[in-house]
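Please look through the sequence and the model shown here before reading the report. Keep both in view while you read.

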Amino acid sequence: MKIYSSDKSELMQVAKIERDGNDLVIKGKVFGTMPMSARLKPSEARAALKLLTPSLIFFLITLPFRKG
């Protein structure tokens, strides 16, 4: 999976998402070369869920089925 910046350049290439205890670990490369491992803690995941609105939840559910 690739994540792009606002100028459509590749920001991060995610290679693996795995669990480590209660954390979610995202492994990949930033800017195509620098290896990175990011951790998402349960408290931060709860904070992210508070940012979701019903329309955004619907968009996220339908995102894999959209063209582009």
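## Basis of the report

This is a predicted model, in which local features need pLDDT of at least 70 and side-chain atom pairs count only at pLDDT 80 or more, while totals for chains, interfaces and linings use all residues. Residues are numbered from 1 along each chain as its sequence is written, and side-chain values use heavy atoms, with hydrogens and water left out.

## The sheet

Four strands make up an open sheet, in the order β1-β2-β3-β4, and their pairing is antiparallel. Strands, like helices, are DSSP runs numbered from the N terminus (strands: E, at least two residues; helices: H or I, at least four). Two strands pair if DSSP finds at least two bridges between them. At the edges are β1 (2-4) and β4 (34-40), each of which pairs on one side only. From one strand to the next, the twist averages 30 degrees; axes here are lines fitted to C-alpha atoms, for helices over the stretch in contact, and angles run from 0 to 180 degrees between N-to-C directions.

Three bridges join β1 to strand β2 (residues 10-20) in the antiparallel sense. Lys2 has Gln13 in β2 as its bridge partner. Between β3 and β4 there are seven bridges, again antiparallel, and Leu24 has Leu40 in β4 as its bridge partner. β3 and β4 form a hairpin with three residues between them. In this turn, Phe31 has a positive phi of about 55 degrees.

## Val25 in the sheet

Val25 belongs to strand β3 (residues 23-30). Is Val25 buried or exposed? Val25 is buried, because its relative accessible area is 3%; buried means under 20%, exposed over 50% and partly exposed in between (1.4 Å probe, protein chains only).

Leaving aside residues up to four places away in sequence, Val25 touches Lys16, Ile17, Glu18, Asp20, Ser37, Ala38 and Arg39. Contact here means heavy atoms within 4.5 Å. Val25 and Leu40 are 15 residues apart in sequence, and their C-alpha atoms are 6.4 Å apart in space.

## Salt bridges

How many salt bridges does the structure hold? The structure holds five, a salt bridge being a side-chain nitrogen of Lys or Arg within 4 Å of a carboxyl oxygen of Asp or Glu. One of them joins the side chains of Lys2 and Glu10 (3.6 Å, N to O). Lys2 is partly exposed at 42% relative accessible area, and Glu10 is partly exposed at 26%. Another is between Lys16 and Glu18, with the closest N and O atoms 3.4 Å apart. Lys16 is partly exposed at 46%, as is Glu18 at 24%. A network of salt bridges links Lys16, Glu18 and Lys27.

Asp20 also forms a salt bridge with Arg39, and their closest N and O atoms are 2.7 Å apart. Asp20 lies in strand β2 and Arg39 in strand β4, so this pair ties together parts that are 19 residues apart in sequence. Asp20 is partly exposed, with 41% relative accessible area, and Arg39 is partly exposed, with 45%.

## Thr62 in a helix

Thr62 is in helix α2 (residues 54-62). Thr62 counts as buried because its relative accessible area is 19%. A polar atom of the Thr62 side chain lies 3.1 Å from the backbone oxygen of Phe59.

Note on methods: A polar contact is a pair of N or O atoms within 3.5 Å; within protein, one must be able to donate a hydrogen and the other to accept it, and residues adjacent in sequence count only if both atoms are side-chain atoms.
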